Structures are given as C-alpha cells and as structure tokens.
Amino acid sequence: MLQSKILTVCLLSALIISCRKTVDNPILLGREIFKDVSTTLMQTVAKKVNDEGAPNALLFCSTSANKLMSEKIDLWRKQVVEQHGFKDLKVSRKTLKPRNAANLATGEAEEILLSWENAKEATPTFREDNNLARVYMPIKIASPLCLACHGTSAEIQAETKVALAKAYPNDRATGYALGDLRGTMLLEFIRE
Ligand code: HEC
C-alpha cells in the first residue's frame, strides 16, 4: 500500500517536473501563442472579408483586429505570469514595409528580418539576455485572403485602395505575393 503511494507521488512529481520544464520554455510557449493569435486573427479577418468585403474589413483591421489581438494576448499574459513564472509578456508585429508606422522593424528585429530575406528562408529565431527572452516568429502571406489588402495594385479593389489611402497615407504594405515574408511576431518574455 505504502509502496504504491510512494510510487504515485513519484510519478506525479516526475510528471509535474517534466511538464514545467516543457511549458516554461519560451520557445515552445512563443510558438503556441503565435499559433493561437494568428489563427484567431486569420479566422476573424476571413469572416469579415467574406461578410462585408475588403474595404469594410479594412476598418476592422485597423481597430477591432488590434483589440481582439490584445484581448487574446492579455489572456496569454495572465497564464504566462501566473503559471509559468515570467514577470511579463509583450507581443508585437514588426515589418520592413509597415502599413502602421508603429510596426516598423528596427535594431534586432530588422536584422533578423533581413537575414530571413537574404537566406530566402524564415525560421523561428530565439535570442536571450538580461532576463529577456525573445522569440521571433515569421509571418507569411499565407493565404490569398491577405492579397485583398496587401497584394499588387491589380489584386486590391478600387474601394479598398481609397480606404487605404485615407487611413494609411504612408502605406508601404502592398505588392506582396502569396508565400512572401510579411514580417515577424515578436514575443518578449520578461523574467523576474
Ligand atoms: C481587410 C484588409 C486586410 C487583410 C485581408 C489583411 N490585412 Fe494585414 N493589415 C491590414 C491593416 C489595416 C493593417 C494595419 C493595422 C494597424 O493599423 O495596426 C495591417 C497590418 C498587418 C501587419 C502588421 C505590420 C504593418 O504593416 O503594420 C501584418 C504583419 C499583417 N497585416 C499581415 C497580414 C497577413 C499575413 C494577412 C493574411 C492572413 C493580412 N495581413 C490580411 C489590413 C489587412
């Protein structure tokens, strides 16, 4: 009886220890968060474009999509802090050709995006120093859906162009083709 209790406790501890090891790993967590946030964004934008057309969906992208993304990220932040022992989590999108100037890649993000472009291959990249772990996940033009707002002039409807010019007079985020690298999602895990 006692032996089986000891065995159960051992097994449970081993399980907890091995689980903690896996889930506290910023690379694995970063991949999971990236997948979750991108899927939610993609599904919501797809529904908006289908229901209301690209020009109306555009407004949604500049306001509600960011809100939706930050709500998702808030949930992850809570989990990352309460369950995985990090002090904070920051998530942002960076690109060499921004639509929203706030997303312009500089410093390390710029260097990594340029290296992905030169290598013609984008692989998740991890950097860590001074209690700050950074995971860079590539964002690709993964669906024809993206082209309605980021494609060539021929692919973007006239109405969308008007809406874009109004909301983003300095827009640089067009002319992409399916499969192109669009930018990176940067996940910053801050340790105590
Ligand atoms: C309905 C139009 C629309 C569609 C479809 C769309 N986007 Fe965007 N995208 C936008 C707008 C508007 C912004 C600027 C958001 C802001 O102001 O923060 C943006 C910004 C971005 C950014 C942030 C960098 C920047 O340039 O500011 C990335 C990355 C991005 N889009 C990738 C994608 C990908 C990948 C797809 C396809 C899955 C996609 N977008 C589909 C309208 C769209």
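Student: At what angle do H3 and helix H7 (residues 158–167) pack, and how far apart are their axes?

Tutor: H3 and H7 pack at about 30°, with their axes 8 Å apart. Axes here are lines fitted to C-alpha atoms, for helices over the stretch in contact, and angles run from 0 to 180 degrees between N-to-C directions. Keep in mind that this is a predicted model: local features need pLDDT of at least 70, side-chain atom pairs count only at pLDDT 80 or more, and totals for chains, interfaces and linings use all residues. Residues are numbered from 1 along each chain as its sequence is written.

Student: Why is H3 called roughly parallel to H7?

Tutor: Angles under 35 degrees count as roughly parallel. The angle of H3 and H7 is about 30°, so H3 is roughly parallel to H7.

Student: Which residues make the contact of H3 with H7?

Tutor: Ala54, Pro55, Leu58 and Ser62 of H3 meet Glu159, Thr160, Ala163, Leu164 and Ala167 of H7. Two residues are in contact if their C-beta atoms, placed from the backbone, lie within 7 Å.

Student: What makes up this contact by class?

Tutor: The contact of H3 with H7 has six nonpolar, two polar and one charged residues. Ala, Val, Leu, Ile, Met, Phe, Trp, Tyr, Cys and Pro count as nonpolar, Asp, Glu, Lys and Arg as charged, and the others, Gly among them, as polar.

Student: And how do the residues of the shell around the ligand divide?

Tutor: That shell has 16 nonpolar, eight polar and three charged residues. Helix H3 (54–62) is one of the elements that supply at least two of the shell's residues.

Key. Helix = DSSP H or I, 4+ residues; strand = E, 2+ residues; numbered from the N terminus. Parallel < 35°, antiparallel > 145°, perpendicular 65-115°, else oblique.
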